[in-house]
Amino acid sequence: MTLELYNFPASTCSLKVRICLAEKNLDWVDHQLNPGATDHLTPTYLKMNPNGVVPTLLHDGNPILDSSVIIEYLDEVFPEIKLTPNDPKKRATMRWWLRYFEEKPTRAVRYPTFQKILIRNFKNMSEKEFSAAANKRPLKKDFYKRMGQNGFSEAEIKTALNDIRQTVERINSAISENGGPWIMGNFYSLADICVAPLIDRMEDMGFEYLWEKDLPHVTKWLRSMKARPAY
């Protein structure tokens, strides 16, 4: 069986799939795409993933889309190293975390990421060129247009940071209540893998103050994540 992953090296969604593959000691073919060259918007790629985003996993040629779907799929198809609890109630709790991470921090992290890093790719474009670049993106066209070439408003960035703060508060409470060291207690799960790249990205951009002053369980949890060989 052949696993192939089309991904961006720096993408948080790509990273969580690569961590999952590493935790399971799986062999896979690494197809690194170049976001600046818009490799993810070519007709060939869009045929595999009509949303024009990364990552895309090919399993024996069959595309599996969306990073959270991919890591759940990998855990089902390759169950030798389990990253999902056996107990149905705990499994439901873990999946609730996955949905929450998709709804809140995954979206929120995009705002400071684009504001601090990615917007520079569009600064020198003409208005027409920028509009064309935004319209090429099947899933994120409205997001790009909202950003524009001057970035997001102060209110939008504040809302994004508030969402990250809510996320780390919830993680901190969960670890405190269940004894940790992981989100699901002593069981290392897909929930940890799903959110760690997002918190790591926020730290890379200088936003660690959102948790380091008063949420010690998050600080310790992130340090433990980074210490894992797969990470």
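**Entry 1. Conventions**

I worked from a predicted model, in which local features need pLDDT of at least 70 and side-chain atom pairs count only at pLDDT 80 or more, while totals for chains, interfaces and linings use all residues. Residues are numbered from 1 along each chain as its sequence is written, and side-chain values use heavy atoms, with hydrogens and water left out. I took helices (H or I, at least four residues) and strands (E, at least two) as DSSP runs, numbered from the N terminus.

**Entry 2. Helices H4 and H8**

I looked up how helix H4 (residues 88-103) lies against helix H8 (residues 154-178). Their axes come within 11 Å and cross at roughly 160°. The axes are lines fitted to C-alpha atoms, for helices over the stretch in contact, with angles running from 0 to 180 degrees between N-to-C directions. H4 and H8 are therefore roughly antiparallel to each other; angles under 35 degrees count as roughly parallel, over 145 as roughly antiparallel, 65 to 115 as roughly perpendicular and the rest as oblique. I recorded the crossing of H4 and H8 as left-handed, a term used if the near helix is turned anticlockwise from the far one by less than a right angle, and right-handed if clockwise.

I then listed the residues that make the contact (heavy atoms within 4.5 Å). H4 contributes Trp96, Trp97, Tyr100 and Phe101, and H8 contributes Asp163, Gln166, Thr167, Arg170, Ile171 and Ala174. By class, I noted six nonpolar, two polar and two charged residues in the contact of H4 with H8. In this scheme Ala, Val, Leu, Ile, Met, Phe, Trp, Tyr, Cys and Pro count as nonpolar, Asp, Glu, Lys and Arg as charged, and the others, Gly among them, as polar.

**Entry 3. Salt bridges**

I defined a salt bridge as a side-chain nitrogen of Lys or Arg within 4 Å of a carboxyl oxygen of Asp or Glu. By this rule I have 13 salt bridges.

I examined Lys24 and Asp75, whose closest N and O atoms are 2.7 Å apart. Lys24 is in the loop between helix H1 (12-23) and strand E2 (29-32), and Asp75 is in helix H3 (residues 67-77), 51 residues apart. Both Lys24 and Asp75 are buried. For accessibility, buried means under 20% relative accessible area, exposed over 50%, and partly exposed in between (1.4 Å probe, protein chains only).

I next looked at Arg99 and Glu72, which form a salt bridge at 3.2 Å, N to O. Arg99 lies in helix H4 and Glu72 in helix H3, so this pair ties together parts that are 27 residues apart in sequence. Arg99 is partly exposed, with a relative accessible area of 41%, whereas Glu72 is buried at 14%.

I also noted Glu156 with Arg146, the closest N and O atoms being 3.7 Å apart. Glu156 belongs to helix H8 and Arg146 to helix H7 (residues 141-147), so the bridge ties together parts ten residues apart in sequence. Both ends are partly exposed, with Glu156 at 22% relative accessibility and Arg146 at 41%. Finally, salt bridges that share partners join Glu72, Glu76, Arg95 and Arg99 into one network.

**Entry 4. Contacts across the sequence**

I returned to Glu72 to list its contacts. Leaving aside neighbours within four places in sequence, Glu72 is in contact with Arg95, Leu98, Arg99 and Leu190. The C-alpha atoms of Glu72 and Leu190 are 7.6 Å apart, although 118 residues separate them along the chain.

I located Leu139 in the loop between helix H6 (127-135) and H7. Leu139 and Asn51 are 88 residues apart in sequence and 5.3 Å apart, C-alpha to C-alpha.

**Entry 5. Backbone geometry**

Most residues other than glycine have a negative phi, and most peptide bonds are trans. I recorded a cis peptide bond from Val54 to Pro55, with omega near 0°; Pro55 is in the loop between helix H2 (43-48) and strand E3 (56-59). Another cis bond joins Gly180 and Pro181, with omega about 5°, and Pro181 lies in the loop between H8 and helix H9 (190-204).

I noted a positive phi, near 55°, for Asn25, which sits in the loop between H1 and E2 and is exposed at 62% relative accessible area. Asp60 has a positive phi of about 55°; its place is the loop between E3 and strand E4 (62-65), and it is partly exposed at 45%.
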